[in-house]
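Reader: Could you walk me through the ligand site in this one? I'd like to work from the structure itself.

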Amino acid sequence: MASGQLSRDEALECSQCRHACHVMLYSNTASKLFGKIPIRHIVLMQMRFDGLLGFPGGFVDPSEETLEEGLTRELLEELGIAVPVSIEDHVESRFSTSPSASSSSNKLILHFYVKKMEEEQIREVEKAASSIASDHGLEVLGMVRVPLYTFESGGGLSCFLSHSFIGNARSQLIDSLLRLHLVSPKDIRRAIQSSQRMQE
Ligand code: GTP
Ligand code: MN
Ligand code: MN
Ligand code: MN
Ligand code: MN
Ligand code: MN
């Protein structure tokens, strides 16, 4: 396991730790941008209240709920739909290295999940998130889809990656796109390189 990573069980043994769970929801799609560029997959992230991009989810209290129950509760608050997430959707758990997390006395463990849905369900999530979700306009300013293509101009995924992300959400996104083969390694490399040029 990569450094800082631990298994779900090891993570739960730490009773002093704080825990947060986030999930990448995605689907396949046949839609085409401008009627010609296949977008292939819908990947959901959110614009947070602090102006950073991140995944839906939040703090979970394992003394009161399982990690997955807590995540589903957070999804109800942030998306307006209690999307069920299960242990099988768990991808990794790791200690947070962000400065704000380490200034507190209790360590923060970040749990990450990925869940594949039908395109129709993703559309329902988007609809609910901007209408009935209790956190809409408050903790969550809006759901966004991640562009997975990169144009010659650098527009698309590379531009998206040049924005600011909470914690390690940017690498969670990149790792997931690679692992699930949503974007080819070559295209990811190209997008990362031109996103770095954009930030200079
Ligand atoms: P409150 O109701 O205000 O407590 O927010 P919340 O429960 O929705 O918590 P939040 O989603 O902000 O997540 C809790 C902590 O997890 C944050 O302070 C970040 O340190 C971290 N975090 C938030 N989003 C992400 C994410 O997408 N990926 C990772 N790795 N960490 C995140
Ligand atoms: Mn148009
Ligand atoms: Mn929340
Ligand atoms: Mn949250
Ligand atoms: Mn919360
Ligand atoms: Mn809250």
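Predicted model: local features only at pLDDT ≥ 70, side-chain atom pairs only at ≥ 80, totals over all residues.

Reader: Which element gives the largest share of the shell around ligand 1?

Author: Start with the shell itself: 17 residues surround the ligand, and Phe-55, Phe-59, Glu-78, Asn-168 and Gln-172 are the closest. Elements that each supply at least two of the shell residues include α2 (67–79) and α6 (169–179), along with strands such as β2 (18–28). The largest share, three residues, comes from β7.

Reader: How much of the accessible area of ligand 1 does the protein cover?

Author: Ligand 1 takes up the space of the largest pocket. An N or O atom in the side chain of Glu-78 is 2.9 Å from one of the ligand's oxygens. On its own, the ligand has 640 Å² of accessible area, and the protein covers 81%.

Reader: Which residue coordinates both manganese ions, ligand 3 and ligand 4?

Author: Ligand 3 is held by OE atoms of Glu-74 and Glu-78, at 2.1 to 2.2 Å. Those two are about one helical turn apart, because they sit four residues apart in helix α2. The two manganese ions are 3.3 Å apart, and the residue that coordinates both is Glu-78.

Conventions
Residues numbered from 1 in each chain as written. Chains lettered and ligands numbered in written order. Heavy atoms only, no water. Near = heavy atom within 4 Å. Polar contact = N/O pair within 3.5 Å; in protein donor to acceptor, adjacent residues only side chain to side chain. Areas by Shrake-Rupley, 256 points an atom, 1.4 Å probe, with all protein chains shown as cover. 1 Å grid on protein atoms, 1.4 Å probe; cavity = no way out; pocket = protein on both sides within 12 Å on 5 of 7 lines; lining within 4 Å. Sits in = over half its atoms within 2 Å of the grid points. Donors = N, O, S within 2.8 Å, 3.2 Å for Na, K, Ca; no water.
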